[in-house]
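This report covers charged side-chain pairs. Please read it beside the model.

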Amino acid sequence: MATERTQTDKKFLAELARGGFAESLTPPQRRQIHIQTGLDSFLEDALDDGKQVVLTGNPGDGKTQHILMQQDNYPEDEYFYLLDASEYADYHDLLEEWNENFQDGVAGILAVNDGPLYEMTTQYRDEYEFLGTIQKQLQNQIIYDESDTDKIDFEDIVVVDLNNQDVLTHSIIRKAIENFAGDFAMDGHSHPGRCHIQYNAEKLQGDSIKENLVDFLTDLRNYNEHTTVRDLLNYLCYILTAGIKECQTDFGEELKYYNLAFEGTGAVFDLARQRLD
């Protein structure tokens, strides 16, 4: 399914660089930043087949993003979606609603962080039969990997643990760079001369620099630290904008991507500095 390209602005890029994300995004912004992977087609197939998918993991892994990306084509009044289990004061209320939809064969996608999902399966498994299936899948450590989505076999419900998704792959990093360093960063500049965002975007679009950055970020997997989609997008937006909302046309080395790559705050920056050291 193709994603719609829409124009955004530099302030949005800078906010992403500072950590802004998730529920605050508008639908056009969400479509613009989305990185297509095999999980997208897997979720579409599951909804088409009348299945329920439980997306679990940590905050920032992209659970909410994947659900909201599906709602345009799979409307909320026909499918069962759960964006945040914390919206419910009592797990029993959530499980009653979930069980009713499950028993009625309503397809859907649910985002549940791994802690609450573990609590539900241990405390309410005897009361809700489908939680036993979920618990077995959690115990068997079903791992999401882009290349394996067509191999997952399930009947009514499946758990996809995004905590095990490898974000720092050549494919995902390259797509993210192309998303952000293309029209996303280059549109909307009315000032004379070239600003720091345009400079950084132009450099990252070059094949040599792009591939060097992809290789550099991919090597960070060797440190075995969990990196989320949010971490990666915050990193890329920072090396484009430095978190500055206004274009800087009189800029020096401190605002160029190769220095910004080690100056920001976040998981990817920590790994980058560790590698540099």
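What follows describes salt bridges and the exposure of their residues.

The model is predicted: local features need pLDDT of at least 70, side-chain atom pairs count only at pLDDT 80 or more, and totals for chains, interfaces and linings use all residues. Residues are numbered from 1 along each chain as its sequence is written, and side-chain values use heavy atoms, with hydrogens and water left out.

A salt bridge is a side-chain nitrogen of Lys or Arg within 4 Å of a carboxyl oxygen of Asp or Glu. The count by this rule is nine. Among them are these pairs:

| Pair | N to O distance |
|---|---|
| Glu15 and Lys245 | 3.4 Å |
| Arg125 and Asp126 | 3.9 Å |
| Glu253 and Lys256 | 3.1 Å |

Take Glu15 and Lys245, which meet in a salt bridge. Glu15 sits in helix H1 (residues 10–17), Lys245 in the loop between helix H12 (229–241) and helix H13 (257–260), so the pair ties together parts 230 residues apart in sequence. Helices here are DSSP runs (H or I, at least four residues), numbered from the N terminus.

Glu15 is partly exposed at 40%. Lys245 is partly exposed at 29%.

Arg125 pairs with Asp126. Arg125 is partly exposed at 34%, while Asp126 is exposed at 75%.

Lys256 is buried at 16%.

Terms used. Helices (H or I, at least four residues) and strands (E, at least two) are DSSP runs, numbered from the N terminus. Buried means under 20% relative accessible area, exposed over 50%, partly exposed in between (1.4 Å probe, protein chains only).
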